[in-house]
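Student: Hi! Could you walk me through this protein while I look at it?
Tutor: Happy to. Let's bring it up first.

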Amino acid sequence: MNLKNTKYTITAALPYANGPLHIGHIAGAYLPADIFVRYLRLRGKDVAFMCGSDEHGAAITIRAKKEGISPREIIDKYHELNKSTFEKFGIGFDMYHRTSAPIHHELSQEFFTNLYDKGEFVEQESEQYYDEEYNQFLADRYITGTCPKCGHDGAYGDQCEKCGSSLNSTDLINPVSTLSGKKPELRSTKHWFLPLDKYQEWLEKWLVEGKKGQWKSNVYGQCSSWLKAGLQPRAMTRDLDWGVDVPLKEAEGKKLYVWLDAPIGYISATKQWALDNGKNWEDYWKKQDDPKNDSTLIHFIGKDNIVFHCIIFPAILHAHGEYILPENVPANEFLNLEGDKLSTSRNWAVWLHEYLEEFPGKEDVLRYALASTLPETKDSEFTWKDFQTRNNSELVGIFGNFINRALVLTHKYYDGKVPQRGEWFDYDEEIIQSLSTYPDLIEEKITQYKFREALAHMMEFARLGNKYLADTEPWKLQKENPERVKTIMNLSLQIAANLSIVCEPFLPFTAEKLRGMLNIKAYEWEKAGSVDLLEADHTINKAELLFEKIEDETVDAQVKKLEDTKKANTAEKPKVEAMKAEIQFDDFMKMDMRIGTVIAAEKVKKSNKLLKLTIDTGLDKRTILSGIAKHFSAEEMVGKQVTVLVNLAPRPMMGEVSEGMVLMAEDAEGNLQLLQPGNKVNPGSTVS
């Protein structure tokens with residue numbers, strides 16, 4: 001990546017404000033974005049790092065409906081939780097905004113109006129799924145079904161997250177409403193469509209031709225596949241009761257499609273940040289008179305958002321005409337957990353706010369563990385044992401061990417002052433040569449969005465210092481050659497100061513702590529590789545442990561927590577009989593069910609199952625034979641009120657005639673329960 005531009009607009013996917021953050025979210029978009037932004041700032045670049053809560057997503061309204069509360073209650077709770085969680089974890093957004101903010105609604109409506117006035121939309125009636133029970137049309141994420149392309153059950157109405165295919169809700173096989181759990185019906189409604197097929201040729205030139213070899217293969221491959229299949233018009237409005245109002249009189253009650261308004265959230269966040277800080281937001285989003293002054297726009301997202309950021313949003317920006325387009329969209333794949341897919345519904349996750357509570361002061365340990373296994377081009381996996389090994393073997397055993405040795409020996413030999421170095425030996429020259437190469441290696445990988453490799457080079461840098469001390473053994477040389485030790489310790493401290501620079505993008509808390517121990521300011525990236533960061537006689541502070549060992553019982557407790565979750569998820573559910581053949585409503589209405597009172601009961605001779613009941617139905621007193629003798633005695637049935645199907649045709653049984661049926665609840669094991677009214681009612685009361 002060419003870093004000749006001075007201005008950068010970096011966005012990270014807006015998380016839904018319907019639940020807390022887990023490590024899959026962090027590894028997908030937020031940690032890679034933060035690493036990149038911290039590097040840019042070390043390079044002295046002007047960066048606007050934008051994110052915020054997506055507060056109009058279908059997931060929010062679905063949760064609100066299920067919990068019987070308002071969407072506002074959901075978003076207020078999780079916006080604040082996630083905002084504080086990001087801050088505590090060191091994700092340094094310039095602005096963490098909200099799409100429910102008035103400034104966002106206004107800007108989203110401006111976008112719609114701009115495209116509407118230009119005639120970019122196609123207005124048309126279409127068939128859309130409707131949930132009769134909830135009396136509403138269903139947006140894409142309110143519908144799940146079988147993907148017509150890969151057969152995955154649980155595909156959404158706009159996308160299959162397994163194969164990545166872009167879908168329309170009517171494409172789904174066996175669609176089901178996520179609200180009622182029932183099959184929705186199709187009804188006609190009017191919407192405004194963005195004709196993506198109109199931009200097919202432009203997108204192919206801009207994306208397929210223009211981004212080949214520049215974008216990650218997983219991103220480029222998905223985009224090429226969608227374009228090859230041919231783009232279709234997509235509705236930019238929805239029949240919903242939560243979201244941004246469509247600014248048209250004839251669209252009263254309709255809201256903007258969330259994937260029209262959500263990416264605009266990056267722009268409205270920048271606009272609010274600019275207002276708060278005396279900046280011009282247009283410098284970061286709009287085309288400048290001289291293209292060389294355009295900001296470089298980069299979207300960090302997960303793979304489930306590729307189509308929206310690489311095709312739909314660029315098409316919207318292009319149609320508007322005033323805005324810059326993304327230079328890159330380095331989307332990550334998915335992170336798995338302990339051999340299984342992360343799942344919020346199954347609670348199979350490491351929740352970030354819980355981690356911060358349970359591992360205080362270890363933010364960088366998780367940042368390091370996640371950065372070392374980022375799903376950059378394919379799915380990867382987090383395990384607690386790997387987390388422990390990364391900490392104990394690498395952060396403690398290499399990085400921390402080197403820093404601790406260098407600072408402790410400096411205080412022991414020189415009262416905490418940087419010694420004056422002497423002549424460089426050949427081995428010193430080798431170390432200095434290696435030291436000078438690592439910043440470039442790290443920088444190269446960061447600018448290629450290969451953060452795992454960049455992190456590995458950073459740790460090799462620390463390993464270089466650790467090996468240098470182990471090889472030269474200054475503790476053995478101090479008596480016989482103290483001048484040589486001064487040179488060794490000076491170079492060791494220079495390496496430590498370099499580490500405070502190159503670890504900053506990955507381990508910001510560690511970098512700050514290390515600078516405090518070395519008593520130095522934060523250097524810019526261009527200083528990395530120098531052996532003149534610390535002057536002779538500069539005073540350093542006493543050593544503190546950068547990292548602490550994590551014991552087996554600590555990670556065992558976390559593994560057990562997950563195992564307990566899995567047991568709860570896989571606990572055997574009560575068996576139920578399969579549903580009988582479907583009936584029509586008119587069939588049900590033919591059934592006459594009433595409450596009756598048992599006035600007499602006796603066992604039927606030669607039968608172990610049947611009781612002969614005399615029941616006052618309110619209509620008459622009749623005999624009904626019921627197979628409940630193994631569950632209820634004749635004596636205890638007298639006086640009980642029961643539910644009776646009174647218009648069942650009489651049926652001869654065991655020499656008697658049964659004139660109806662007593663209704664019971666029976667589980668798969670054959671256990672019976674009477675269906676009784678909660679309070680005593682008059683015989684003959686109808687059941688409906």
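This is a predicted model: local features need pLDDT of at least 70, side-chain atom pairs count only at pLDDT 80 or more; totals for chains, interfaces and linings use all residues.

Student: Okay, and where does Asn5 lie?

Tutor: Asn5 is in the segment before strand E1, which covers 7-12.

Student: Is Asn5 buried or exposed?

Tutor: Asn5 counts as buried, because its relative accessibility is 17% and the cut-off for buried is under 20%.

Student: What else does Asn5 touch, not counting residues up to four places away in sequence?

Tutor: Besides Thr296, Asn5 touches Lys45, Lys292 and Asp294. Here's another one to look at: Asn5 and Gly19 are 14 residues apart in sequence, yet their C-alpha atoms are 37 Å apart in space.

Student: Which residues of H4 are buried?

Tutor: Among them are Ile103, Leu107, Phe111, Phe112 and Leu115, and also His104 and His105.

Student: And what covers the buried residues of H4?

Tutor: The cover includes helix H7 (258-277) and helix H9 (306-320), along with strands such as E3 (95-98) and E9 (185-194). Just after H4, have a look at Gly119, which takes a positive phi of about 75 degrees.

Student: Can we do sheets now? What is the order of the strands in the open sheet of 3?

Tutor: The order is E7-E6-E8, with antiparallel pairing. The edge strands are E7 (153-156) and E8 (173-177), each of which pairs on one side only. On average, neighbouring strands of this sheet are turned by 35 degrees against each other, direction ignored.

Student: How many bridges join E6 to E8?

Tutor: There are 3 bridges between E6 (residues 143-146) and E8. To find the spot on screen, look for Thr144, which stands opposite Val176 in E8.

Student: What actually holds strands of a sheet together?

Tutor: Strands of a sheet pair through backbone hydrogen bonds, either parallel or antiparallel.

Student: What about E21, how many of its residues are buried?

Tutor: In strand E21 (residues 641-645), 5 of its 5 residues are buried.

Student: Which strands pair with E21?

Tutor: Strand E18 (residues 593-603) pairs with E21 in the antiparallel sense over 5 bridges, and Gly596 stands opposite Val642. Strand E24 (residues 661-662) also pairs with E21 in the antiparallel sense, over 2 bridges, and there Val644 stands opposite Val662.

Student: Why does Cys223 count as buried?

Tutor: Cys223 counts as buried because its relative accessibility is 0%. Cys503 is buried too, with a relative accessible area of 0%.

Student: Last one: where does Arg234 lie, and is it buried or exposed?

Tutor: Arg234 lies in strand E10 (residues 234-235), and at 6% relative accessibility it counts as buried. Leaving aside neighbours within four places in sequence, its contacts include Asp158, Trp192, Tyr257 and Phe308.

Definitions and conventions. Residues are numbered from 1 along each chain as its sequence is written. Side-chain values use heavy atoms; hydrogens and water are left out. Buried means under 20% relative accessible area, exposed over 50%, partly exposed in between (1.4 Å probe, protein chains only). Helices (H or I, at least four residues) and strands (E, at least two) are DSSP runs, numbered from the N terminus. Contact means heavy atoms within 4.5 Å. Two strands pair if DSSP finds at least two bridges between them. Axes are lines fitted to C-alpha atoms, for helices over the stretch in contact, and angles run from 0 to 180 degrees between N-to-C directions.
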